[in-house]
Amino acid sequence: MNKILVVATGNPGKLREMQAYLAHSGWELTLKPAELEIEETGETFAANACLKASQIAQATGQWAIADDSGLAVDALNGAPGVYSARYGNSDSDRIARLLRELGNTDNRQAQFVCAVAIARPDGTIALESEGLCRGEILHAPCGEGGFGYDPIFYVPEKQLTFAQMSRELKGSISHRGKALKALIPQLETLNI
């Protein structure tokens, strides 16, 4: 019998992505109820992931998993950080703002960060992990795939932006992939 993990998202794409990483873990993932909305008030990715997992677990009475992720740019003192999704009204707005704020600075170093938390049905946090992917910000978008900041996030070791990578390649090196992979061995230790 599979154990159920409620994913603190209304995004079916994120659910599929998480399920792919956890496919052989014995856990079945399901979307949170649409009416449950959690305000991200944490000051860190980890705080937001814990907040969402805890509140969804308490509201549903089931185990819950949540992530929070974003882009942290060195020359902008870690901005947009936890505000990555709220840095503009659309992906193109967010990219344009980031490129405008960076200007012609030589320091283009950045990292994608993803924090993941799993909460027990009573809302207490059982597991946490974090994944990072270092790269640099291009001066203009490149590539058609992905979403968000993917067209301007370049990974020098692969000589590609996230938007140019296959889904498999991106998943193997991405911040979310690393955070979820780190959870897999810990999932088996949970006393269900």
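Biologist: What makes the pair of arginine 94 and aspartate 91 a salt bridge?

Modeller: The term asks for a side-chain nitrogen of Lys or Arg within 4 Å of a carboxyl oxygen of Asp or Glu, and in arginine 94 and aspartate 91 the closest N and O atoms are 2.9 Å apart, so the pair meets the definition. Both residues belong to helix 3 (residues 91-102), where they are three residues apart, about one turn of the helix. Helices here are DSSP runs of H or I with at least four residues, strands are runs of E with at least two, and both are numbered from the N terminus.

Biologist: What is the model's origin, and which limits apply to it?

Modeller: This is a predicted model, in which local features need pLDDT of at least 70 and side-chain atom pairs count only at pLDDT 80 or more, while totals for chains, interfaces and linings use all residues. Residues are numbered from 1 along each chain as its sequence is written, and side-chain values use heavy atoms, with hydrogens and water left out.

Biologist: Why is arginine 94 called buried, and why is aspartate 91 called partly exposed?

Modeller: Buried means under 20% relative accessible area, exposed means over 50%, and partly exposed is what lies in between, with a 1.4 Å probe and protein chains only. Arginine 94 has 14% and is therefore buried, whereas aspartate 91 has 31% and is therefore partly exposed.

Biologist: How many salt bridges are there by this rule, and what makes lysine 52 and glutamate 40 one of them?

Modeller: The count comes to nine salt bridges, and the side chains of lysine 52 and glutamate 40 meet in one at 3.0 Å, N to O. Lysine 52 lies in helix 2 (residues 45-60) and glutamate 40 in the loop between strand 2 and helix 2, so the pair ties together parts that are twelve residues apart in sequence. Lysine 52, with a relative accessible area of 8%, is buried, while glutamate 40, at 26%, counts as partly exposed.

Biologist: Which parts of the chain does the pair of lysine 170 and aspartate 150 link?

Modeller: The salt bridge itself has its closest N and O atoms 2.6 Å apart. The pair links distant parts of the chain, with lysine 170 in helix 4 (residues 167-173) and aspartate 150 in the loop between strand 5 and strand 6 (153-155), 20 residues apart. Both lysine 170 and aspartate 150 are buried. Elsewhere, salt bridges that share partners join Glu17, Asp67 and Arg176 into one network.

Biologist: Why is arginine 176 called buried, and what makes its approach to serine 69 a polar contact?

Modeller: Arginine 176, found in helix 5 (residues 175-187), has a relative accessible area of 8% and is therefore buried. A polar contact is a pair of N or O atoms within 3.5 Å; within protein, one must be able to donate a hydrogen and the other to accept it, and residues adjacent in sequence count only if both atoms are side-chain atoms. The side chains of arginine 176 and serine 69 make such a contact at 2.9 Å.

Biologist: Why is strand 3 called largely enclosed?

Modeller: Nine of the ten residues of strand 3 (residues 64-73) are buried, so the strand is largely enclosed by the rest of the structure.

Biologist: What makes strand 2 and strand 7 edge strands?

Modeller: The open sheet of seven strands has the order 2-1-3-4-5-6-7, with mixed pairing. Strand 2 (27-31) and strand 7 (160-161) each have a single partner strand, so one side of each is left without a neighbour in the sheet.

Conventions
Pairing = 2+ DSSP bridges.
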